[in-house]
Amino acid sequence: MGREQELRAVISRVGGLDEAAAAAAAQRLDSLTKPPGSLGRLEDIVKQLAGITGQTLPSVERKAVVVMAGDHGVCEEGVSAFPQEVTPQMVANFLAGGAAVNVLARQAGAEIICVDIGMASPLEHPGLLQRNVRRGTANMAKGAAMTREEAVEAVLAGARIAEELAGKGVELLATGEMGIGNTTASAAVYAVLAGVPVEDAAGRGTGISDERLGHKIEVIARAIKQNEPDAADPLDVLAKVGGLEIAGLTGLILGAAAERKPIVIDGFISSAAALAAARLCPASAAYMIGSHQSHERGHSKLLEEIGLAPFLKLDMRLGEGTGAVLAFHLIEAAVRLQSEMATFESAGVTKG
Ligand SMILES: Cc1cc2ncn([C@H]3O[C@H](COP(=O)(O)O)[C@@H](O)[C@H]3O)c2cc1C
Ligand SMILES: O=C(O)c1cccnc1
């Protein structure tokens, strides 16, 4: 079977939600000692998780955030405030436990799976999942970031990681990433897939000046003009103007959906990957849970495009999976309410 057919097979495994389980969960929510619907969106999470897993009392005890790392040839155009060597340096920091996502994952009781999907240089570390598809993308302002085959390979690698984690009993997944220059590629993917103007899709990333933002917009526009990605073909878009970690996250999301596991979507880069997943497989969107609204320009519209509503708006603009891991706390709270609250009957409270 060709690699693209393998991907089609993953996509074909993504089924609809279990409506009966969601209805049973809704019924239990209404039996708990509170006015019906009074826990608002926490109730929506419970119903969604029930529909995803088929369980009236879903569990999210085992949680993991997958941090995909990749490099970007477009960095040579000067689109980031930081140099490319920060990617491996930060990966080393993740592996040593010192990055923001490590702190938040420890607090949330989640494991971190750090993946080299497209780093420019190899990094030997027993804790790093070696799934490198190519040593960084090519400069998309001059030609395709990667071949279609490489994009498919990265998507499949992501899907396989989701399958492996599901097989190990992980019940809740989150997307995370590291890759200097990846807000440029993400903005390009978003602009093409959603048909929005580049200036509405691109933001300051790591914190570039007005002048550099203007240049970044011009570079993205040039990359799109040069490559003519087909908006109706997400794999073409990921290959020509995307990134290896973006494609890997698209696969992770599709794999999670195929395994009937909920997946929490982090910030701007993760959301660009989620949009590609939703375009490749519209049914996968039902398995996604929004987390936060990044400070990055374009993120709120990008979330709307996918149909995701963020829980948090903390003006964060970091990525790594930080916003998604913060949302783990709310998801766990929702699940605990469903399983631990007394019912009107058990507590002897009069129902209205
Ligand atoms: C120290 C450091 C840690 C980070 N952790 C995540 N990012 C975030 O910033 C990068 C995207 O921004 P741009 O497109 O402007 O390069 C990605 O690596 C993203 O994960 C970081 C960036 C830096 C500098
Ligand atoms: O929203 C994000 O994920 C983000 C924004 C800026 C820089 N890095 C990541």
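In helix H5 (residues 100-108) of this predicted model, the buried residues are Val101, Asn102, Leu104 and Ala105. They pack against E1, helix H4 (86-96), E2, E4 and H14.

- Six strands make up an open sheet, in the order E3-E2-E1-E4-E5-E6, and the pairing is parallel.
- Strand E3 (128-130) and E6 sit at the edges with a single partner strand each, so one side of each has no neighbour in the sheet.
- Going from one strand to the next, the twist averages 30°.
- H11 packs on this sheet and touches strand E1 (63-70), E2, strand E4 (172-178), E5 and E6. The direction of H11 makes about 150° with that of E1.
- At the E3 end, strand E2 (residues 110-118) pairs with E3 in the parallel sense over 3 bridges. One pair to look for is aspartate 116 with its bridge partner in E3, glutamine 130.

- How many of the residues of E4 are buried? The count is 7 of 7, so to speak a mostly covered strand.
- Leu172, Ala174, Gly176 and Met178 point one way from E4, while Leu173, Thr175 and Glu177 point the other way. Residues on both sides are buried.
- E1 runs parallel to E4, and 7 bridges join the two.

**Glutamate 320**

- UniProt, in an unreviewed entry, lists Glu320 under "active site".
- Where does glutamate 320 lie? Look in the loop between H13 and helix H14 (322-340).
- Glutamate 320 has a positive phi of about 70° although it is not a glycine. For context, most residues other than glycine have a negative phi.
- Is glutamate 320 buried or exposed? It counts as buried because it has 28 C-beta neighbours inside 10 Å, and the cut-off for buried is 20 or more.
- Leaving out residues up to four places away in sequence, glutamate 320 touches Val67, Ala99, Ala100, Val101, Gly176, Glu177 and Met178. Val101 is one of the buried residues of H5, and Gly176, Glu177 and Met178 are buried residues of E4.

**Arginine 260, another positive phi**

- Arginine 260 has a phi near 55°, a positive value in a residue other than glycine.
- You'll find arginine 260 in the loop between helix H11 (244-258) and strand E5 (263-265).
- Arginine 260 counts as partly exposed because it has 17 C-beta neighbours inside 10 Å.

**Helix H13**

- Which residues of helix H13 (residues 299-306) are buried? They are His299, Leu302, Leu303 and Ile306.
- Why do they end up on the same side of H13? They cover an arc of only 100° around the axis, which puts them there.
- The buried residues of H13 pack against helix H7 (182-194), helix H12 (268-280) and strand E6 (288-290).
- Just past the end of H13, glycine 307 takes a positive phi of about 90°.

**Two domains**

- The chain is divided into domain 1 (3-58 + 337-347) and domain 2 (63-332).
- The C-alpha centres of domain 1 and domain 2 are 27 Å apart.
- Where they meet, 15 residues of domain 1 are in contact with 20 residues of domain 2.
- On the domain 1 side, helix H1 (3-12) and helix H3 (40-53) each supply at least two of the residues that touch domain 2.
- H1 gives the most to that side, with 6 residues.

Conventions
Residues are numbered from 1 along each chain as its sequence is written. Chains are lettered from A and ligands numbered from 1 in the order in which they are written. This is a predicted model: local features need pLDDT of at least 70, side-chain atom pairs count only at pLDDT 80 or more; totals for chains, interfaces and linings use all residues. A residue is buried if 20 or more other C-beta atoms lie within 10 Å of its own, exposed if 12 or fewer, and partly exposed in between; C-beta atoms are placed from the backbone. Helices (H or I, at least four residues) and strands (E, at least two) are DSSP runs, numbered from the N terminus. The arc is that of the directions from the helix axis to the C-beta atoms. Two residues are in contact if their C-beta atoms, placed from the backbone, lie within 7 Å. Two strands pair if DSSP finds at least two bridges between them. Axes are lines fitted to C-alpha atoms, for helices over the stretch in contact, and angles run from 0 to 180 degrees between N-to-C directions. UniProt positions are given in the numbering used here, feature names are shortened, and annotations may be inferred rather than shown by experiment. Domain bounds come from an automatic or database domain assignment.
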